[in-house]
Amino acid sequence: MNKKNLVLLLVTLLVVDYTFANMINIVSDSFRNEDFDSVISKPHEKLYKRTIKLPEPKIKKHLSSESKKYRETRDIFVADLMSKMSVQEKIGQMTQLDISTITIPGSILLNETQLSYFAKTYFVGSFLNTVTSGGVQGPYHFYNVSNWLSILQTIQQITIESSPNQIPMIYGLDSVHGANYVQGATLFPHNTGVAATFNPQYAHDVGRVAAKDTSAVGIPWVFAPVLGLGVQPLWSRMYETFGEDPYLVSLMGASAVQGIQGNNNTEDGYLSRPSAVCTAKHYFGYSDPVAGKDRTPAWIPERMLRRYFLPTFKAALDAGAGTIMINSGEVNGVPMHASHKYLTSVLRDELDFEGVAVTDWQDIEKLHYYHKIAASETEAVVMALDAGIDMSMVPLDVSFPNILLKLVQDGVIPESRLDKSVKRILNLKYSLGLFEQPYPEPSNQYLDTIGSLEDRETAANMVEESITLLQNTNSFLPLNPSNIKNILVTGPSSNSLRNQNGGWSIHWQGAVSDDEFPFGTTILSGIQQVLNETSAQVTYELGCEIGTPFNQSQIDASVQAASQADVVVLVIGELPEAEIPGDTNDLAMDPNEVALLTQLLATGTPVVLILVEPRPRILSPALVAQCSAVLMAYLPGSEGGKPIANILFGNVNPSGRLPFTYPSTTGDIGVYYYHKNANTNVTFPLFEFGHGLSYTTFDYTNIACNATMVSPNNYTAALGDYVTFAVDLQNNGTLPGKEAALLYLSDVYASITPEVKMLRGVQKVSLTPGESTTLEFSLSPYDFSFIGLDDKITMESGEFIITIGSQQISLYLE
C-alpha cells in the first residue's frame, strides 16, 4: 500500500470512529427526577431518535404511623429474641423438613419420638407438605380437618416445648388451586383457566379462599402463586401459570397475592386468619427450559429476562408478597440457588424485597449432585448462603443444619450471615402472630366455611367466565334443547372429576379416583342436570381411555350411539400430571382420542369438541375444522360440569379468551404472540393468544387519545408523557355478554427489534343487548419502553400503534 492510500485509509477510519462515537452519545444519561423530567439527547441529523433511560420503577412506601409503630415494636422483640438464641437455634430457623420425616411410614400418624429428636437437637423451625401428597398411605387418602388440627397442634407443642426460647414453627402447604390438600375444600380452575377469564378479581378469589381454608386448619403459609410465563407447552407445569403474556401474568399474579394475604404486607403489620402469607414462585426463568423438561437448564439472555420474566415477580412483590421460592433450575449456566446477582443484587437491592427467600425441594444439595457446580454438599451450602437463601427446604434429612453448624464453627460463614436470614424468618412469624397464638384453633369460625356453597358458586362462576369458545361453525352453539331428541356425551374426560382437576388435587399427581372428591359435577352430570326438565335424552359412552392399548370396541360403542344422536359432545384431553412426571416428548393428542374423534366425525353427526387439558395438545387442523364447535375448558376443577353445560345450551354466554398461543403442530411452539417481526409467518397457530368467541357481537368505535391530534387517528405527544386512550364498546347482538377489551401496543421501530405487539391493558365489562360504554386506558412511560442495548429500561421517540378490538390509532412520541 502506497503512502497516499495509507493516509486516506487512516482518515476514513477516524471519520467512522468519530461517527460511531457520536451515535453512542445520542443515548441520554438519566432522569433528573421521578416525574420523567430528563436530559434528552439531541437527535442526530441522520438518526431521528431521541432516547430516555427510565429509572427502575419502584413503589414508594409511605408507612402509616401504625406501620411505623408495628415495625418498631417488632424489631425490638426480634432483636431481643435473637440476642438469646444460640447458633444451633438460628440454623434451626433456617431449616425446613417434610412431614414424612416425622410420621410413621404407611400412615399419617406422627412419630413423636422422631419429632422430639429433631426439635430438641436441631430446633427445626419449619415443616411442609402432607404424607398423602405422593399417594395413598395405608387407609389414608387425605388429611381432613380433624387430622390437620391434631397434627399441627402436636408439632407446634413439641417444637415450642423443645425450644430454649419457645420459638414456634411455621408450616407451609401447596394450596395452588384452592386448599387442595385439605379434604373438603373447594377446588378452583387451575391458573390457565383463571387467566382465561381476563378478570383479575377471580385470581383474588382463588387466593382468598385458598388462604382461608388453609389457615383455618392452622397453616399460615401458602406456596402460591406461580408467576412463570406459560411459554413452553412441553413443560409439565404450564397449567400452573397465568399464561404466556407478562402483562396478564403480572395482573393476575398481583391480584392472587393480594387475595392470599388479604391486601396486607407482612412487613408493615399483622397478617392473620383468614389470610395467609403467599409465596411468589419460582424466581425466575424457571418456566422456559430449553429442552421443555422440568428443572432443566434455561438459556435466557439478560435482556429477555428483564423484558419478559422479571416483571411478573416485581408486580407480585409490589403487591406485598411476603415470601419467595427460588427456581429449581439453572439460567445461563448458573443455578438460581447459587446466583448472588439475582438473589441479592436484583431481588434485594433492585426489587427491595424484605421477606423470606426459601429454596425449592432439595435444591441446595442439588448444586452438588445435580447441577455439579459444588464439589461437595458443604460447598453447596456456602454457595447458597452467599447467594442469599434464607431457608432450606432440605427436606428429607438434617444435612443442611449439620453442615451449616460446622461451617460457622470453622469460621467459614459468620454468625452475622445467619442473623440476616433469621431476622427475616422471625419477622415473618411475628407478622403471622405465631408468637402470640401458635396453635390451630379448633373453634375458629372459618372451619365451617371450608367447601361452602358460596365458595363453590364462586368456583362455578369462574368456570363460566373461563371457558373459551374457540370455534363455532355457522353459529352451531348454543344448542336448543327443544330441537334435540338425543345427545351423546362421550370421551375419557366427559365423566371424570379426576381429569377436570388435574395435578395438585388430593395428591401431587392428581386424584386416584373420583371417589376421593366429596363433591363436584362432571361434564356429563352437568349436561344431565341442565336437560333434566326437557325431553332430550342423554346417552353416555366412555369412547376410549387415555394412555391404554387401543380398544376398537369402546370406539364402536360410541360410534353406534353417535349414529342415533342429534349431536355429540366429545370431551378429550390429558390425564392429571405434575412436575417431572408430567414432562412429555410429544404434544400430540393421545392416539386413542384422535381415533375416537376421527370415527365420530365420519358418522356425519355434528360434534362439539371440549378440551380438558393442562396444556395445548395437538390435533390436526383438518380434524378440528370438521367439528361444529370447539370449547377450551382448561382444567376447570370440581365445579366445572354445570357451567360448561350452561354454555353449551345458552344459559351462559362464553367470554373466556386464550391466555396462550395454541399451536397447530408440535413444531409450532416457542413463538408466542409477542414475537419479533422476523418471526412473522414462521409458525401458524391453530388459535391465537386472546382468541375467544361469543354468542353476541361487540362493536368497537370512536377510538381517541388525549394527545395532540394531527389528523384522524393520528396523534403526537412528548416522550415521557402519560397517555390516555378511549374507545366506545357496544353490544350489538341479541344476548347479554361479557367482553374482555384488550389494548395492544406496537413499537414500529426501535434500536432493539420490537415485538409485533404487546398487551398493555385489559378491561372486562358486561353489557346487555344494545348497551354501550366508553372504556379508558392510561399508559405510563414504562408501557412504551423496552430493555435497551445496555440492558436498561429505555424509551425512544417514534411511532407507536395502539389497537383496541377493531380500532387502531397511531401515536408519535417526540
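Two strands count as paired here if DSSP finds at least two bridges between them. With that in mind, here are my notes on this predicted model.

1. **The three-stranded sheet.** β6, β7 and β10 make an open sheet, in the order β6-β7-β10, and the pairing is parallel. The edge positions go to β6 (279–283) and β10 (356–358); each has a single partner strand, so one side of each has no neighbour in the sheet. From one strand to the next, the twist averages 25°. Between β6 and β7 (residues 323–326) there are 3 bridges, with the two strands running parallel. If you want a spot to start looking, alanine 280 stands opposite isoleucine 324 in β7. Helix α9 (residues 302–318) packs on this sheet, where it touches β6 and β7, and its direction makes about 160° with that of β6.

2. **Tyrosine 283 and phenylalanine 313.** What kind of aromatic pair do tyrosine 283 and phenylalanine 313 form? It is edge-to-face, with 5.5 Å centre to centre and 85° between the planes. Tyrosine 283 belongs to strand β6 and phenylalanine 313 to helix α9, so the pair ties together parts that are 30 residues apart in sequence. Buried or exposed, then, for tyrosine 283? Buried: its relative accessible area is 0%. Phenylalanine 313 also counts as buried, because its relative accessibility is 1%, and the cut-off for that label is under 20%.

3. **The nonpolar cores.** The largest nonpolar core has 175 residues, and those touching the most other members are Ile155, Tyr283, Ile324, Leu404 and Ile610. Helix α9 gives the most to this core, with 8 residues. A second, separate core has 33 residues, including Leu570, Leu619, Leu658 and Leu686.

4. **Isoleucine 155 and glutamine 156.** These two are worth a look together. Leaving out residues up to four places away in sequence, isoleucine 155 touches Ile99, Ile102, Leu110, Leu115, Phe127, Met169 and Tyr171. Glutamine 156 sits in helix α5 (residues 145–162) and counts as buried, because its relative accessibility is 2%. With neighbours within four places in sequence set aside, the contacts of glutamine 156 are Pro168, Met169, Leu434, Pro438 and Tyr439. Met169 is therefore on the list for isoleucine 155 and on the one for glutamine 156 as well.

5. **Helix α13.** How many of the 11 residues of α13 are buried? The count is 8, so this helix (residues 399–409) is mostly covered. The buried ones are Ser399, Phe400, Pro401, Ile403, Leu404, Leu405, Leu407 and Val408. Their cover includes α3 (87–93), β2 (95–98), α4 (112–122), α12 (377–387), β11 (392–393) and α14. Leu404 is also among the residues that touch the most other members of the largest core. After α13 comes glycine 411, with a positive phi near 80°.

6. **Glutamate 441.** Where does glutamate 441 lie? It is in the loop between α14 (415–431) and α15 (453–466). Glutamate 441 counts as partly exposed, because its relative accessibility is 29%. Apart from residues up to four places away in sequence, glutamate 441 touches Arg273 and Leu447.

7. **Other aromatics.** The structure holds 24 aromatic pairs. One cluster consists of Phe198, Tyr308, Tyr672, Tyr673, Tyr674, Phe689 and Tyr744. Tyrosine 672 and tyrosine 674 form a tilted pair, 4.7 Å centre to centre and with 45° between the planes. Tyrosine 672 counts as buried at 13% relative accessibility, as does tyrosine 674 at 1%.

8. **Charges over rings.** Lysine 757 has its charged end over the ring of tyrosine 744, at 4.1 Å from the ring centre; Tyr744 is one of the members of the cluster in point 7. Arginine 456 likewise places its charged end over a ring, that of phenylalanine 519, at 3.9 Å from the centre.

Technical notes
Residues numbered from 1 in each chain as written. Predicted model: local features only at pLDDT ≥ 70, side-chain atom pairs only at ≥ 80, totals over all residues. Heavy atoms only, no water. Helix = DSSP H or I, 4+ residues; strand = E, 2+ residues; numbered from the N terminus. Buried < 20%, exposed > 50% of the residue type's maximum accessible area, 1.4 Å probe, protein only. Contact = heavy atoms within 4.5 Å. Axes fitted to C-alpha atoms, helices over the stretch in contact; angles between N-to-C directions. Core = buried A, V, L, I, M, F, W, Y, C linked by side-chain atoms within 4.5 Å. Phe/Tyr/Trp six-rings, centres within 6.5 Å; stacked < 30°, edge-to-face > 60°. Lys NZ or Arg CZ within 6 Å of the ring centre and 35° of its normal.
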